[in-house]
Amino acid sequence: MFNADELKKLFLSDLNNVESENQLSEFWKKFLSKQGAVQGLMANIKNVAKEEKKSYGQFVNDVKNWAQKLYEEKKAEIEKAALNARYDLETVDVTMPVDIQTPGNLHPLTTVKYEMINVFAGMGFEIFEGPEIEDDDHNFTRLNVLKDHPSRDMQDTFWLTEDLLLRTHTSPGQIRVMDAEKPPIKVLVPGKVFRSDSDATHSPMFSQMEGLVVDKHITLCDLQGMLDEFVKNMFSDAAKTRLRPSYFPFTEPSVEVDVSCFKCGGKGCSLCKGTGWIEVLGGGVVNNKVLENCGIDSTKYSGLAFGIGIERITMLKYGINHMGKMFENDIEFLKQFKA
Ligand code: DAH
């Protein structure tokens with residue numbers, strides 16, 4: 001049997017102790033659910049005399065409404081407290097310093113390669129990429145580097161089989177382009193090349209950018225004109241080139257190309273070792289034998305070619321003095337090249 005006064009007292013003291021949403025739902029079960037105490041009070045009606053049933057029912061209803069109202073108030077209070085607690089927990093201090101996830105940046109070699117491509121693309125060059133594994137024929141023989149020719153000693157080659165090798169330069173790209181296309185030809189062949197060589201300025205793998213132009217009346221002057229444009233864009237407006245006689249089997253005449261020192265303007269400094277000039281690439285007029293090896297009539301057409309070391313240009317541009325830096329992937333080094 002439930003006594004209404006005791007029930008009210010119990011209700012109030014229990015309600016007073018409710019502090020969380022969990023406790024609130026326990027409380028609701030105990031007093032206000034179908035199995036709860038208030039309902040029990042209602043069930044008691046069967047023991048009430050017939051004529052009192054109506055007023056008893058009314059009385060229990062009042063108790064029920066009273067309890068429901070207090071419960072609702074408590075519920076609102078608990079919910080508000082829970083919400084406030086969540087606000088406190090999730091408050092964002094907009095003045096806190098942020099740990100920004102910085103996006104990566106291009107490797108300096110890639111940046112310089114793109115810059116070089118841009119300059120030559122402006123002169124109408126197209127891009128061709130050849131395979132890194134080449135055969136003797138493309139890498140040497142048809143470039144006029146004949147078997148037993150001493151110039152083969154110039155290349156310290158990684159041979160894979162008797163015939164296959166890791167290309168030692170991007171020049172075999174010339175052969176592949178001339179096999180595939182008729183003149184006029186104007187291509188750039190960027191790519192990795194491999195030589196058995198390693199010290200402060202050499203690495204077994206490095207990158208080159210080959211250039212080849214084949215058309216009527218191409219001369220060494222065209223080569224110098226294009227390279228002047230190249231060094232002006234890459235180094236400084238005041239930069240110019242100087243050609244020195246050299247030797248490559250695939251060009252005749254062959255030249256070594258120097259750029260006027262962009263650091264001292266030609267007066268002489270540590271970068272140019274006091275000479276005012278820095279060697280940047282090799283080139284020349286395509287040897288007629290190479291044209292003929294590719295079925296191009298050398299009485300009608302002539303060509304120019306050049307090969308540029310991309311690491312060398314990158315190291316010069318940024319004042320990097322060790323080749324290893326180009327490949328170590330040292331994040332602190334690479335971060336400095338953020339655009
Ligand atoms: N292939 C040469 C090397 O790797 C560079 C070179 C020189 C390329 C003269 C050329 C050229 O196309 O005409 O050292």
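Student: What should I know about the model before reading it?

Tutor: The model is predicted: local features need pLDDT of at least 70, side-chain atom pairs count only at pLDDT 80 or more, and totals for chains, interfaces and linings use all residues. Residues are numbered from 1 along each chain as its sequence is written, and side-chain values use heavy atoms, with hydrogens and water left out.

Student: In what order do the strands of the open sheet lie?

Tutor: Helices (H or I, at least four residues) and strands (E, at least two) are DSSP runs, numbered from the N terminus. Two strands pair if DSSP finds at least two bridges between them. Here 7 strands form an open sheet with mixed pairing, in the order β1-β4-β5-β9-β8-β7-β6. Each of β1 (126–127) and β6 (241–248) has a single partner strand and stands at an edge, so one side of each is left without a neighbour in the sheet.

Student: How many bridges join β1 to β4?

Tutor: There are 2 bridges between β1 and β4 (residues 185–194), and these strands run parallel. I127 stands opposite L188 in β4.

Student: In which sense do β6 and β7 pair?

Tutor: β6 and β7 are antiparallel, with 7 bridges, and a hairpin connects them through 2 residues. Across this pair, R244 stands opposite E256 in β7. The pairing of β7 with β8 is also antiparallel, over 8 bridges.

Student: Is T251 buried or exposed?

Tutor: Buried means under 20% relative accessible area, exposed over 50%, partly exposed in between (1.4 Å probe, protein chains only). T251 has 2% relative accessibility and therefore counts as buried. T251 is in strand β7 (residues 251–260), where 8 of the 10 residues are buried. The bridge partner of T251 in β8 is V286.

Student: Which residue's side chain makes a polar contact with the side chain of T251?

Tutor: A polar contact is a pair of N or O atoms within 3.5 Å; within protein, one must be able to donate a hydrogen and the other to accept it, and residues adjacent in sequence count only if both atoms are side-chain atoms. For T251 the partner is the side chain of S254, at 2.7 Å.

Student: Which residues does L304 touch?

Tutor: Contact means heavy atoms within 4.5 Å. Leaving out residues up to four places away in sequence, L304 touches residues including G211, L212, I218, M226 and G284. The C-alpha atoms of L304 and G284 are separated by 5.7 Å, although the two are 20 residues apart along the chain. L304 lies in strand β9 and counts as buried because its relative accessibility is 0%.

Student: Which residues come nearest to the ligand?

Tutor: A residue is near a molecule or strand if one of its heavy atoms lies within 4 Å of it. Of the 15 residues around the ligand, H169, S171, R195, Q208 and E210 come nearest. By class, this shell has 4 nonpolar (Ala, Val, Leu, Ile, Met, Phe, Trp, Tyr, Cys and Pro), 9 polar (the others, Gly among them) and 2 charged residues (Asp, Glu, Lys and Arg).

Student: Where do polar atoms of the protein lie relative to oxygen atoms of the ligand?

Tutor: A polar side-chain atom of R195 lies 2.6 Å from a ligand oxygen atom, and one of Q174 lies 3.1 Å from a ligand oxygen atom. For F306, a polar backbone atom is 3.4 Å from an oxygen atom of the ligand. The protein covers 91% of the 350 Å² of accessible area that the ligand has on its own (Shrake-Rupley method, 1.4 Å probe).
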